[in-house]
Amino acid sequence: MSDFATSLQEALGSAYQIDRELPLGGLGRLFLATEVASGRQVSVQALPPDLAERVDLGRFRAAVDKVSRLRHPGILPLLAVGARQDVVYCVWPHPRGESLRYRLIRDGGLGADETVQVLHDVADGLACGHGEGVCHGDLRPDNIYLENGRAFVAEFGIRSALNAALGSEGGMDARADVHALAVAGQQMLAGRGGRIGVVIGRALSIDPAEQFA
């Protein structure tokens with residue numbers, strides 16, 4: 001186990017046992033772990049030490065407290081957040097299914113009906129978060145997951161919480177999330193148009209008057 005993983009395990013205590021590091025870390029380094037009490041697998045995301053030491057922990061905890069209360073089928077719930085010395089981490093259930101990124105790499109795109117379903121599920125989750133004053137802040141195919149014909153998002157609100165803790169919240173609003181979803185929709189359609197393309201085109205408009213709120 002690396003020195004960083006050892007420090008993270010010490011911060012996690014006896015609640016979670018690290019199994020291995022995963023290749024895609026997003027905001028930092030990502031680890032697969034086991035929740036000791038239940039035996040279920042979880043994902044532990046840890047900020048790199050040089051970033052963690054600059055985080056205002058009070059502001060970060062206040063921001064993620066809102067995130068932890070979000071409950072929606074389209075949102076992977078935040079289970080825990082913690083900090084010890086230069087280790088700051090968040091814990092989620094380990095997502096089942098496959099990421100949209102992997103699906104796009106494998107198949108090149110999705111059919112129109114499946115694209116609509118994914119857009120609906122993710123938009124519904126975004127609406128739930130936005131209604132509670134929480135923006136995702138980092139929506140992309142890597143943190144959109146597909147399972148049993150439905151879609152859900154991971155890492156909801158963590159980028160926004162981190163920016164708040166660093167004092168740089170510019171661009172983190174509902175419209176930015178809608179724009180990011182439209183970009184993902186464009187990738188799913190893989191150049192196909194039709195009525196879905198018209199909706200996505202409006203969401204991607206640089207004219208605020210044409211954009212969706």
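Predicted model: local features only at pLDDT ≥ 70, side-chain atom pairs only at ≥ 80, totals over all residues.
Two packed helices are described by the angle between their axes and the distance between the axes. In these terms, helix H7 (residues 174–189) packs against helix H8 (residues 194–203) at an angle of about 145°, and the two axes lie 9 Å apart. The crossing of H7 past H8 is left-handed. On the side of H7, the contact is formed by Val-178, His-179, Ala-182, Gly-185, Gln-186 and Leu-189, and on the side of H8 by Ile-196, Gly-197, Ile-200 and Ala-203. Sorted by class, the contact of H7 with H8 comprises six nonpolar and four polar residues, with no charged residues.

Helix H7 also packs against helix H4 (residues 100–107); the axes of H4 and H7 come within 10 Å and cross at roughly 25°. Angles under 35 degrees count as roughly parallel, and H4 and H7 are therefore described as roughly parallel to each other. H4 passes H7 in a left-handed crossing. Leu-100, Arg-101 and Leu-104 of H4 meet Ala-184, Gln-187 and Met-188 of H7 in this contact. The residues of the contact of H4 with H7 divide into four nonpolar, one polar and one charged.

In soluble globular proteins, nonpolar side chains tend to be buried together. In the present model, the largest nonpolar core has 45 residues, and Phe-60, Val-122 and Ile-144 are those with the most contacts inside it. Helix H7 gives the most to this core, contributing six residues. When residues up to four places away in sequence are not counted, Ile-144 touches Glu-98, Ser-99, Leu-100, Val-118, Val-122, Leu-139, Ala-151, Phe-152, Val-153 and Ala-184. A second, separate core consists of 15 residues, among them Ile-18, Ala-33, Tyr-89 and Val-91.

Helix H6 (residues 158–166) is largely enclosed by the rest of the structure, because seven of its nine residues are buried. The buried residues in H6 are Ile-158, Ser-160, Ala-161, Leu-162, Asn-163, Ala-164 and Ala-165. These residues pack against helix H2 (49–52), helix H3 (57–68) and strand E5 (87–93). H6 is followed by Gly-167, which has a positive phi, near 75°.

Two further residues illustrate burial in other elements. Thr-115 is found in helix H5 (residues 112–131). Buried means under 20% relative accessible area, so Thr-115, at 0% relative accessibility, counts as buried. Leaving aside residues up to four places away in sequence, Thr-115 touches Leu-110, Gly-185, Met-188 and Leu-189. Of these, Gly-185 and Leu-189 also belong to the contact of H7 with H8, while Met-188 takes part in the contact of H4 with H7.

Ser-99 lies in strand E6 (residues 98–99). With a relative accessible area of 15%, Ser-99 is buried. Not counting residues up to four places away in sequence, Ser-99 touches Pro-141, Asp-142, Ile-144 and Tyr-145. Ser-99 and Arg-140 are 41 residues apart in sequence, and their C-alpha atoms are 10.0 Å apart in space.

Definitions and conventions:
Residues numbered from 1 in each chain as written. Heavy atoms only, no water. Axes fitted to C-alpha atoms, helices over the stretch in contact; angles between N-to-C directions. Helix = DSSP H or I, 4+ residues; strand = E, 2+ residues; numbered from the N terminus. Left-handed = near helix turned anticlockwise from the far one by under 90°. Contact = heavy atoms within 4.5 Å. Nonpolar A, V, L, I, M, F, W, Y, C, P; charged D, E, K, R; others polar. Parallel < 35°, antiparallel > 145°, perpendicular 65-115°, else oblique. Core = buried A, V, L, I, M, F, W, Y, C linked by side-chain atoms within 4.5 Å. Buried < 20%, exposed > 50% of the residue type's maximum accessible area, 1.4 Å probe, protein only.
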